[in-house]
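Welcome, and thank you for taking a look at this chain with me. Please keep the model open as you read, and follow each region as we come to it.

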Amino acid sequence: MDTPEYNRFVDPEKMEAIIPDQGSKELISTDFQELKQLARQGYWARNYTLRRKVYQKLIEEIPCRTVTPDASVYSDIVGKIVGKHSSSNLPLPEFVDNSLVPSYCLNPQGEEAVRKILLCIADQFPDISFCPTLPAIVAILLHYSIDEAECFEKTCHILACNDPNKRFIDQSFLAFESSCMTFGDLVNKYCQSAHRMVVELSEDVLQVYSDWHRWLFADLPFSYFARVFDVFLVEGYKVLYRVALAILKFYCKVKSGQPLESDNVKQDIRIFVRDIEKSVSPEKLLDKSFAIRLFSRKEIQLLHLANETALKQKGITVQNKRQFVHLALHAENFQSEIVTVKEMRDIWSWLPERFALCQPLLIFSTTHHGYSLTRLYYHCEGHEPTLLLLKTTTKEVCGAYLSTDWKDRNKHRGKLSFFGTGECFVFRLKPKIQRYVWVVIKHPELAKSSASAPTTSGLQFSHTAPEDPSKRLSPFLATRHFSLPSKAESMFMAGSNECIIIGGGGGQALYIDADLNRGHTGHCETFNNEPLCSENFLISSLEVWGFWNADVQE
């Protein structure tokens, strides 16, 4: 078998040791669905020449701005830009946020070339303010390019993608942090065991999840990252969420019951990813990734946009450099007659990330406002979302996170009707902590997203202009986005002058009467829950909490 013709930037011995070449293959199809399966199966993963051809084809097909810098631009500017710096120690652009250039089997000439390309990109894309993933992307593309100029052109093509339905690379701190919050939301819904583990080991889970890009673009060994990048070029950003979720699932499985290798979970996950070869093969990692049945691409876009809006309300813009965004529950300011600070932190870890950034605000309590449903509505209207907590006379504690303003009950002209979204959930804290989310999250086979039209990498583009998701913004996990078998799977919350009902279909997760004195709980189809406390109960106290964003109020 002939040795592949690596370019002058690659160390052949290191490359052969990590990804031995298995000889020539031809691309057998350019149909998107078939190409998607070939990427997932690693069809071109062990053939250097074929991978280079496939990357070239995929990147050429990405729709991008009319004026996008190409190889000739690089040839024109590289001497002038690099000449400003010492050739022995080229700096990295500020937007990489101190990220290192990964070696990825590059020789010293290759590592220097990555720096040169990044400096030229900074010159041609002055709007990029934060992009720590770019060194890894340039490094892998340099492997599969003829020269620096071709690598520059490929990278620019990805950066200049102008299809609003596609995302490849976050180019601002706002987009980066929004994706971190979105990842945290996905962990909360799809990796509940891992999420519980992180909550137990860290006071600020958002800071742990803010490292998820590093797991992929800095810590994964090259042979793993290359497999992920193969699929990324075909399927786009969503695959990154899948792989990071799979990494967290494997971390939880391997580390369960074992002591941490470092003094904090954030660092321990990074150590696990760097040594992932000890635990998981690339094939198993990708198999696990694609076994996770995520929301549709549209739903994830809606969630990302909602998180961006929350960050903008905290004053973060596209020009911002890195800053710390923390979960906002402060023990010194928190007082409740129902839950402790520790219990409220557990609840806070379940919230959508954009609301976990807010401070809890007590808006109703039976102690201060009396046992009246009318008064509860009066104090809660105008607040969205809300958190309902109740304690029974036998000291059981349960509650619900409710995504929608209670005033929406008035849209149905006094008729008891359900409303809300799939972000609602119910829970119990005592005697045993347990959360129950929307049944569709754990059983996606119950609903097919009505908005998840197939998207392509560019090999089969529609001739119609792409639709900007921000122009069709609607609530994340709104039931109208899904084809549900019956209404029973979407009975989130309902209210009238006689009662409040949370969860329906075959029973009610919570029923509370107009005097806020009595209630009952049982299994319901919306949340597929067990009873949250004794089936028939008397209420000792009830509280409703809102979410206060100090940055907006000031």
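In helix α6, the buried residues are L134, P135, A136, I137, V138, A139, I140, L141, L142 and H143; here buried means under 20% relative accessible area with a 1.4 Å probe and protein chains only, exposed means over 50%, and partly exposed lies in between. Ten of the ten residues of α6 (residues 134-143) are buried, so this helix is largely enclosed by the rest of the structure. Helices (H or I, at least four residues) and strands (E, at least two) are DSSP runs numbered from the N terminus.

A word on the source: this is a predicted model, in which local features need pLDDT of at least 70 and side-chain atom pairs count only at pLDDT 80 or more, while totals for chains, interfaces and linings use all residues. Residues are numbered from 1 along each chain as its sequence is written, and side-chain values use heavy atoms, with hydrogens and water left out.

The buried residues of α6 pack against α1 (12-18), α3 (48-60), α5 (108-124), α7 (148-159), α11 (212-219) and α12, where contact means heavy atoms within 4.5 Å.

One of these partners, α12, also packs with α15, at an angle of about 35° and with axes 9 Å apart. Axes are lines fitted to C-alpha atoms, for helices over the stretch in contact, and angles run from 0 to 180 degrees between N-to-C directions. The two helices meet through these residues:

| Helix | Residue range | Residues in the contact |
|---|---|---|
| α12 | residues 222-235 | Y224, R227, V228, V231 and E235 |
| α15 | residues 282-291 | P282, E283, L285, L286 and F290 |

The residues of this contact divide into seven nonpolar, no polar and three charged. Ala, Val, Leu, Ile, Met, Phe, Trp, Tyr, Cys and Pro count as nonpolar, Asp, Glu, Lys and Arg as charged, and the others, Gly among them, as polar.

Now let us turn to N549. Where does N549 lie? N549 is in the loop between β12 and α22, and at 10% relative accessibility it counts as buried. N549 touches A310, Q313, K314 and C358, leaving aside residues up to four places away in sequence. The C-alpha atoms of N549 and A310 are separated by 9.1 Å, although these residues are 239 residues apart along the chain.

For the whole chain, there are 22 helices and twelve strands. Buried residues make up 59% of its 554 residues. Among contacts with a separation of 6 or more, 74% come from residues 24 or more positions apart.
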